[in-house]
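Here are my notes on the model, point by point. Please read them with the structure open.

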Amino acid sequence: LALAHVLEPERGLLVVTSSPWVAVACQTKGIEVLMLGGKLSAGGGISVGLDTEAQLHDLAADMAILGACGLEAAFGMSSDDALEAGVKRAMARAAAATVVLADRSKLGQRARHRTLPAAAIDHLVTDADPAEVEDLRAAGLEVHHA
């Protein structure tokens, strides 16, 4: 959602999201949005389930930008909810590159459900200090400090 608030309209930009809040934030800025449908998860507030995942099956995206509940070099990215993890995996499969947004409180944490192995993540955007992400960099993630 924080990223949606700073996005600017750009020719050809289409945001595909399972989050109603991200959809509204983008739409109010004039950014084209494709809202994925499905059951709204109680914890994360995103559309989840097999119907949501199926909508992503035939999509070709440049980039999947995913939030993480936890991120460890050995375990990878994790989510608190199994259905949310499934949607995030489907988003990553549909994209040419996968970006994870995670503040320092999520690093070194392991949530209940593995979402993606570290090898499936191309970029990490974080507020953590370089020393805090050295293991993730060693696992192959390109780290960007924000």
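1. Which residues does A139 touch, not counting residues up to four places away in sequence? A139 touches A73 and A118, where contact means heavy atoms within 4.5 Å. A139 lies in the loop between α5 (134–138) and β11 (142–145). Helices (H or I, at least four residues) and strands (E, at least two) are DSSP runs, numbered from the N terminus. A139 is partly exposed, with a relative accessible area of 32%. On this scale, buried means under 20%, exposed over 50% and partly exposed in between, with a 1.4 Å probe and protein chains only. The C-alpha atoms of A139 and I46 are separated by 29 Å, and the two residues are 93 residues apart along the chain.

2. A word on conventions. This is a predicted model, in which local features need pLDDT of at least 70, side-chain atom pairs count only at pLDDT 80 or more, and totals for chains, interfaces and linings use all residues. Residues are numbered from 1 along each chain as its sequence is written, and side-chain values use heavy atoms, with hydrogens and water left out.

3. Now the antiparallel sheet. It is open and has 3 strands, in the order β6-β7-β9. Two strands pair if DSSP finds at least two bridges between them. The edge strands, β6 (70–72) and β9 (113–116), each pair on one side only. Neighbouring strands are turned by 35° against each other on average, direction ignored. Axes here are lines fitted to C-alpha atoms, for helices over the stretch in contact, and angles run from 0 to 180 degrees between N-to-C directions. α4 packs on this sheet and touches β7 and β9. The direction of α4 makes about 10° with that of β9.

4. The pairings can be checked residue by residue. β6 and β7 (residues 76–79) are joined by 3 bridges, and a hairpin of 3 residues connects them. L71 stands opposite M77, while G70 has S78 as its bridge partner. β7 also pairs with β9 over 3 bridges. There, S78 stands opposite R114.

5. A parallel sheet comes next. Its 4 strands form an open sheet in the order β5-β8-β10-β11. β5 and β11 are the edge strands, each pairing on one side only. β5 and β8 share 6 bridges, and M63 stands opposite A97 in β8. α4 packs on this sheet too, touching β5 and β8, with its direction at about 155° to that of β5.

6. β1 deserves a look. β1 runs parallel to β2 (residues 32–35), with 4 bridges between them. V15 has V33 as its bridge partner in β2. V15 and T17 make up the covered face of β1, and L14 and V16 the uncovered one.

7. Last, the largest pocket. About 1,500 Å³ of space lies in it. A pocket is an open set of points on a 1 Å grid over the protein atoms alone where a 1.4 Å probe fits, with protein on both sides within 12 Å along at least five of seven lines; lining residues have an atom within 4 Å of a point. The lining has 50 residues, and L3, I65, L66, G67 and L101 lie nearest the centre. β5 gives the most, with 7 residues. The lining divides into 32 nonpolar, 8 polar and 10 charged residues. Ala, Val, Leu, Ile, Met, Phe, Trp, Tyr, Cys and Pro count as nonpolar, Asp, Glu, Lys and Arg as charged, and the others, Gly among them, as polar.

Technical notes
Points joined across faces, edges and corners; volume = space filled by probe spheres on them.
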